[in-house]
Amino acid sequence: MPSSCSTSPTPTVGYTPTPSPTPIHSTSRPATRMSLCGGLPGCTGQTNDNQYLSVVNELYSGIQYNDGFGWDSKKSGADAVLYRLTKDATYSGRLTAYCDYTFNSAPKTPKGLIFLGDWGSLRNIANAVFICLEAASLGINATYRSGAKTQIDYMLGDGGHSYVVGYGDNYPTHAHHRSSSCPDAPAVCDWNLFNSDTPNYHVLYGALVGGPGSNDDYTDTRQDAQHNEVACDYNSAYQGALSILVELGY
């Protein structure tokens, strides 16, 4: 649970802007409002203290339409948590709008990947899929599950290329990932190795790379961080979505 949660009768949530010219935690910043709205509902669930939820109610109108979920936005994740806590149609409505757009209206590659952005394209849709699977579990729309499975299947090879290291017959062998690309010490690991065609020395099993461009174009090279790097935020929602689909028997 968020470390800022307090079990005392008068919790300190730390959302008041500081007097500096551009306070880093100022609620005038959309990212700050989204972070607070994403974390504070968890405090309500942990402490049964609705004062946290009152802060969310105060801030929510400023971010209501900033749908999305990623390293710099927790808005749609907040909607899922808030709907679970309150059953307020405001939050289910935003989840429905977000997931309906994702599955029905968002651009797709020729082979069917929902394309929400070029940098880490698989990360973008994995995050959306995770939220929409949660929406389905909350009773909003069960058809999101089949759409989610289609996108995960693309990542695992249905698009002609596995984007998960160590999985399938055609998986990435040159992921932009420092420790797996280097040989064991004391062997040299330098820019000459980075720029070479030598496969990574270690198989980073289960890691999702960034993914293809808008035409399903992809080159397995360490030099293309935009499409071939590995990151925690690329893999967390993807792993969560996998777990949900496995649990459901897909």
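Residues are numbered from 1 along each chain as its sequence is written. In this predicted model, local features need pLDDT of at least 70 and side-chain atom pairs count only at pLDDT 80 or more, while totals for chains, interfaces and linings use all residues; side-chain values use heavy atoms, with hydrogens and water left out.

The chain has ten helices and zero strands. Helices (H or I, at least four residues) and strands (E, at least two) are DSSP runs, numbered from the N terminus. Of the 250 residues, 45% are buried, that is, under 20% relative accessible area with a 1.4 Å probe, protein chains only. The chain exposes about 12,500 Å², and carbon and sulfur atoms supply 52% of this area, computed by the Shrake-Rupley method with a 1.4 Å probe. Contact means heavy atoms within 4.5 Å. Among contacts between residues at least 6 apart in sequence, 61% join residues at least 24 apart.

| Helix | Residues |
|---|---|
| H4 | 89–104 |

Thr-102 belongs to helix H4. Thr-102 counts as buried because its relative accessibility is 1%. Its side chain reaches the backbone oxygen of Tyr-98 at 2.8 Å. Leaving aside residues up to four places away in sequence, Thr-102 touches Ile-114, Ile-125 and Ala-128.

Just after H6, Gly-160 has a positive phi of about 100°.

How values were computed
Buried < 20%, exposed > 50% of the residue type's maximum accessible area, 1.4 Å probe, protein only. Polar contact = N/O pair within 3.5 Å; in protein donor to acceptor, adjacent residues only side chain to side chain.
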